[in-house]
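Me: Got a structure open here. Can you walk me through it? I'll jump around a bit.

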Amino acid sequence: MRAADPGIVLGLHRSRHDRGPLKAALDLGISRLDTAFNYLGFTSHTTLAEQAGDLLRHFTISTKVGFFPDRPGGHHTLNPARLRAAVEQTVRDLRRPPDLVFLHNPERSTDGEPLADACAALDDAVRAGLARAWGVSTWDPRPLLPQLDTTTPRPAVLMIRSGLLVPGPVLDAAEQLVHRWKPADVWGMSPFNGSPHDPVWEAARPQVFLTNPPEGCTPLQAAFRAAYALPEVSTIAVGSDNETHLRELLGTLSWGVDYGVVDRYRRLLRARSPQ
């Protein structure tokens with residue numbers, strides 16, 4: 001099964017949350033924002049509410065909970081009470097319930113709290129009206145697979161890494177997680193592995209992943225479009241305050257992906273991955 005028509009969420013991980021770029025994104029038709037409890041030094045939600053002001057009602061908002069400012073550099077926990085408190089604070093800081101709240105990188109937790117209990121805490125928060133839906137955002141899904149069982153609530157959305165620089169074993173684990181958890185939707189993130197300025201994008205030829213790439217198609221555009229198939233996702237969160245960059249990425253959404261090339265690439269990754 002191939003992904004539905006692709007979409008974009010504006011990720012705020014490295015954003016200053018200024019009103020100008022938010023207005024520009026909205027004018028381009030990007031009406032979804034993705035942030036987190038710990039972004040912008042744990043001030044993302046309050047800053048977003050203050051900077052966006054009346055614009056915020058035009059966006060749907062996803063956020064994440066799991067990291068807390070208890071220690072220098074932050075602290076991660078799956079403790080259900082802490083997660084519930086973070087969602088409640090999120091509602092206060094945003095001045096509205098988020099449309100979607102993710103469990104943030106649960107594989108990072110070392111506190112021994114069960115994954116199922118953390119998921120249940122977010123499920124309960126949704127039932128209490130603190131968010132419209134909940135999901136799981138994972139950078140490396142491999143540690144999560146052994147923790148899934150019949151008691152683990154099913155997320156509405158699973159957010160996973162996508163793109164040409166995701167290691168083969170992480171891609172395979174993400175697909176296994178999707179197959180076992182069966183979320184209603186799957187999003188991708190970090191299609192350029194955090195750096196669209198990395199020299200790799202000028203050296204590579206990701207245009208081979210497209211069917212009939214248009215004249216002038218840049219490596220970044222091709223890599224972005226291919227990320228929707230590596231693995232298959234319906235939506236990608238991309239962080240940029242640059243209107244031109246966002247416009248260029250939006251222009252790729254109608255381009256076709258050569259799934260034969262994608263399949264050969266995946267087989268090559270598996271052949272080269274250590275057992």
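Me: Start with H10. Which residues are buried there?
Reply: This is a predicted model. In H10, the buried residues are Val 261, Val 262, Tyr 265, Arg 266 and Leu 269.

Me: How wide an arc do they cover around the axis?
Reply: An arc of only 135°, which puts them on the same side of H10.

Me: How far does H10 reach, first C-alpha to last?
Reply: 20 Å, over 14 residues. That is close to the 20 Å expected at 1.5 Å a residue.

Me: Back to Arg 266. Which side chain does it meet in a salt bridge?
Reply: Asp 172, at 2.7 Å, N to O. The pair links distant parts of the chain. Arg 266 is in H10 (residues 259-272), Asp 172 is in H6 (residues 168-181), and they sit 94 residues apart.

Me: Is Asp 172 buried or exposed?
Reply: Buried, and Arg 266 is buried as well.

Me: How many salt bridges does the structure hold?
Reply: 15. One of them pairs Asp 54 with Arg 19, at 3.1 Å, N to O. That pair also links distant parts of the chain, 35 residues apart. Asp 54 is in the loop between helix H3 (44-52) and S3, and Arg 19 is in helix H1 (residues 19-27).

Me: Why does Asp 54 count as partly exposed?
Reply: Because its relative accessibility is 46%. Arg 19 counts as partly exposed too, at 34%.

Me: What about Asp 123, what does it bridge to?
Reply: Arg 127, with the closest N and O atoms 3.4 Å apart. Both lie in helix H5 (residues 115-127). They are 4 residues apart, about one turn of the helix. Arg 127 counts as exposed, at 67% relative accessibility.

Me: New topic, the barrel. What order do the strands close in?
Reply: S1-S2-S3-S6-S7-S8-S9-S11. That is 8 strands, and the pairing is parallel. The twist averages 25° from one strand to the next.

Me: Zoom in on S3 and S6. How many bridges join them?
Reply: 4 bridges. S3 covers residues 60-65, S6 covers residues 100-104, and they run parallel. Ser 62 stands opposite Leu 100 in S6.

Me: Which helix lies across S3 and S6?
Reply: H4, residues 80-94. H4 runs at about 145° to S3.

Me: Last one. Where is Thr 152?
Reply: In the loop between strand S7 (134-138) and strand S8 (157-161).

Me: Buried or exposed, that Thr 152?
Reply: Thr 152 is buried, with a relative accessible area of 9%.

Me: What does Thr 152 touch?
Reply: Ala 116, Cys 119, Gln 147 and Trp 181. That leaves out residues up to four places away in sequence.

Notes
Residues numbered from 1 in each chain as written. Predicted model: local features only at pLDDT ≥ 70, side-chain atom pairs only at ≥ 80, totals over all residues. Heavy atoms only, no water. Pairing = 2+ DSSP bridges. Helix = DSSP H or I, 4+ residues; strand = E, 2+ residues; numbered from the N terminus. Axes fitted to C-alpha atoms, helices over the stretch in contact; angles between N-to-C directions. Contact = heavy atoms within 4.5 Å. Salt bridge = Lys/Arg side-chain N within 4 Å of Asp/Glu carboxyl O. Buried < 20%, exposed > 50% of the residue type's maximum accessible area, 1.4 Å probe, protein only. Expected span 1.5 Å × (residues − 1). Arc of directions from axis to C-beta.
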